[in-house]
Amino acid sequence: MLRFFIFFFLFIHSCVAAPKIPAAVPATKWLTLNGQEPAVVARGGFSGLFPESSASANDLAISTSSPGLTMLCNLQMTKDGVGLCLSDIRLDNATTISTLFPKAQKTYKVYGQDLKGWFVLDYSADTIFSNVSLVQNIFSRPSIFDGQMPVSAVEDVLGIKPPKFWLSVQYDAFYMEHKLSAAAYLRSLRFRGITFISSPEIGFLKSIGMDALRAKTKLIFEFKDPEAIEPTTNKKYSEILKNLAAIKAFASGVLVPKDYIWALDSANYLKPASTFVADAHKAGLEVYASGFANDYRTSYNYSYDPSAEYLQFVDNGQFSVDGFITDFPPTASQAICEMTSHPCLSHQKGNLPKIGNALVITHNGASGEYPGCTDLAYQKAVDDGADVIDCSVQMSKDGMAFCHDSADITATTNAMTTFMSRATSVPEIQPTNGIFSFDLTWAEIQSLKPQIQSPFSTSGGFQRNPANKNAGKFMTLVDFLEFGKAKAVTGNAAYLASKKGLGIVDAVKSALTNSTLDKQSTQKVLIQSDDSSVLSSFEAVPPYTRVLSIDKEIGDAPKPSVDEIKKHAEAVNLKRSSLDTISESFATGKTNVVEEMHKGNISVYVSVLRNEYISIAFDYFSDPTVELATFIAGNGVDGVITEFPATATRYLRSPCSDLNKDQPYAILPAEAGALLSVAAKEAQPPAIAPSPPLDAKDVIDPPLPPVANIGSSDGEAPPHAPPHSGTIATSANLGLSLLAILALGVLFAVE
């Protein structure tokens, strides 16, 4: 029996005139206290990648962030009165101290609590500088820089002359108990170069008030947990909160954990905003919010996009904080940095025109926020500004073509609770049992609840939008085409043809013809398949552009392979790893595949992009926006296939995505290998072998089998059919290469 694997998509893209760039826009009016753009405050430099306050962290923060960056140093003091930049009064979580002095732990009472560890005040500055080195104190972050960078003194950070400098004094009362004075240390520095000083201790801020006034240094009162006790007044911070006007007497601003402003409910969704910012601004106080990092899991409202969280605090139409304390200063910078006419990512509610020609193509609609291939996922994608929405087409038992990512519906519906008895084994499709769409009628499929897929739910619980995990309805192909036409937007066939008597290719051709998409020029149809014979069957229809999906990793695209692709397709869809090579979450190299495809006049789309930081290389700053910049501006792809179209659209509408303009800030692509070059050679991950080049024979496929007459053996085919182009012909995937299936999708480009 002739069997082979085919994966087939159809794309539709609207051909509309590019909107005109508006005339010069007045400078943005921010809802901060003074109307200026919010400040970006880098906690310990770029501490999201490098050990806090290391020279590398500080240098990278300055080079990748907005021009007005503020560098924050957490002040700790040695026993001889030298100020260091470290996050805690104990050395053990951020340095190598415990390996050098394993028996030197001590216990101190700090604000009523017994703390055990290696305390800074027990060591001289010379002992620390000569023996101790820094380590990353958050274990999910890179550890390859551990033990290689010295601890920084406050003077070291001031010496690099950051645009602004913030000194955080957390433990003055504790140090005073041990005859060390942060105030005396600051006076020895004459407050030079210090823009901000913050502290959760009212007494300390009052003690340096006159000195700070003379030096024009702003004093910031820091709120801790509402139930914690402020050491000077012995009042809870929640009590002090009730009289913000009193704070104005000794401080010009306040620093609060971000949940003082936008708290989360028990399900990790945002509660309504508090009135804290408005109340503080009314009292004449600036408001700075802390706790921002790209690799923290926070509200589902942000869809794992860290830029969305920053925008929630500055671009909500009601108020704006005056600054962020962040471990990832480039991400905060791109959210607010002012260009000549418009900020980078904020204030886009007027639907700014996209910059460049790269397409935003969805993967099962906005499937990061709703169950994939449902009406709500498609509507969300349209609302988010996607250029192209997609429909992977499957067939029901009674011949209804509908949108669904896979023939096996167990992972994306509640079929296991209703149709467990229908579970079957089809080793040609997959090694495990499944409940397949072609074994259920359309009415039975309609009775199921969609279920959102979270690719990383087993990797530490990265769920997606649980409030809408079963929302929406699946759409028939006909309904999807009508939806796409109304919005002006842009699988299993061979198996079904030979085994089930269901012809998806014919069904799609018929649906497209009935929708008149083959007889118009405003919507361009793109058909994607990993099988050249499928693409060949659409060659005769001029409006159709064919896309070859290459599911295996490739490291090169030799000219013979490109020439073979040109016989069947005008574009390719490639995996991310075929463009950038990744080893242990570091980008180690870049291939020339896009360049070679473009030389052959073949467009390149890359898939699949997701927002969850664990899917994003450290070199991209755990930031989906930087990953987009790397593939679009760095690799030059013609489109990105994503489950979070809002993130991609926001980037492409940003003036900071335009690298051809001379402007003060731009969202730059990552340079593969640059981050690794900072680490010692022995700490770097092992080099990985390059992926094989694309072979021309992998592009050529056998003809599709005819649609079988159910009940006869006419669908039988020779048992030794050659493998299809979308997989490598190895014994590991022989079942796929022998299977006759076609998964079809339809994508529309939206205005």
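Let me start with Cys73 and Cys85, which form a disulfide with their sulfur atoms 2.0 Å apart, where a disulfide is a pair of cysteine sulfur atoms within 2.5 Å. Cys73 lies in strand E3 (residues 70-77) and Cys85 in strand E4 (residues 83-85), so the pair ties together parts that are 12 residues apart in sequence; helices (H or I, at least four residues) and strands (E, at least two) are DSSP runs, numbered from the N terminus. The torsion about the S-S bond is -105°, and the link of Cys73 and Cys85 is left-handed. Cys73 counts as buried at 0% relative accessibility, and Cys85 likewise counts as buried at 0%, with buried meaning under 20% relative accessible area, exposed over 50%, and partly exposed in between, for a 1.4 Å probe and protein chains only.

Before I go on, please keep in mind that this is a predicted model, in which local features need pLDDT of at least 70 and side-chain atom pairs count only at pLDDT 80 or more, while totals for chains, interfaces and linings use all residues. Residues are numbered from 1 along each chain as its sequence is written, and side-chain values use heavy atoms, with hydrogens and water left out.

How many disulfides does the structure hold? There are three, and with bonded cysteines counted along the chain they follow the pattern 1-2, 3-6, 4-5. Cys337 is in no disulfide, and the nearest cysteine sulfur, which belongs to Cys344, is 5.2 Å away; Cys337 is buried at 2% relative accessibility. Cys373 is also in no disulfide, with the nearest cysteine sulfur, that of Cys403, 5.9 Å away, and Cys373 is buried with a relative accessible area of 1%.

Cys344, for its part, is joined by a disulfide to Cys656, and here the S to S distance is 1.6 Å. The link of Cys344 and Cys656 is left-handed, with -75° about the S-S bond, and the relative accessible area is 0% for Cys344, which is buried, and 0% for Cys656, which is buried too.

The remaining pair is Cys391 and Cys403, whose sulfur atoms are 2.0 Å apart in a disulfide. Cys391 lies in the loop between helix H14 (375-383) and strand E16 (392-395), whereas Cys403 lies in strand E17 (residues 401-403), so this pair ties together parts that are 12 residues apart in sequence. The torsion about the S-S bond of Cys391 and Cys403 is about -100°, so this disulfide is left-handed, and both cysteines are buried.

Let me turn to the cavities. Rolling a probe the size of a water molecule over the atoms shows where empty space is left. On a 1 Å grid over the protein atoms alone, a cavity is a set of points where a 1.4 Å probe fits but cannot get out, and lining residues have an atom within 4 Å of a point. Grid points are joined across faces, edges and corners, and a volume is the space filled by probe spheres set on the points.

The largest cavity holds about 40 Å³ of space, and its lining includes Leu609, Arg610, Pro624, Glu627 and Phe644. Helix H23 (624-634) and helix H24 (645-652) are the elements that give two or more residues to this lining, and H23 contributes the largest share, three residues. By class, the lining of the largest cavity divides into five nonpolar, three polar and two charged residues, where Ala, Val, Leu, Ile, Met, Phe, Trp, Tyr, Cys and Pro count as nonpolar, Asp, Glu, Lys and Arg as charged, and the others, Gly among them, as polar.

In the second largest cavity there is about 30 Å³ of space, and among the residues that line it are Gly48, Arg141, Asp295 and Tyr613. Its lining divides into three nonpolar, three polar and two charged residues.

Finally, a hairpin. Strand E21 (residues 580-583) and strand E22 (residues 586-590) pair in the antiparallel sense over four bridges, pairing being assigned if DSSP finds at least two bridges between two strands. Ser583 stands opposite Phe586 in E22, and of the two residues between the strands, Glu584 in the turn has a positive phi of about 50°.

Thr591 is found in the loop between E22 and helix H22 (593-599), and Thr591 is buried, with a relative accessible area of 15%. The side chain of Thr591 reaches the backbone oxygen of Ser578 at 2.7 Å and the backbone nitrogen of Val593 at 3.4 Å.

Methods:
On a 1 Å grid over the protein atoms alone, a cavity is a set of points where a 1.4 Å probe fits but cannot get out, and a pocket is an open set with protein on both sides within 12 Å along at least five of seven lines; lining residues have an atom within 4 Å of a point. A polar contact is a pair of N or O atoms within 3.5 Å; within protein, one must be able to donate a hydrogen and the other to accept it, and residues adjacent in sequence count only if both atoms are side-chain atoms.
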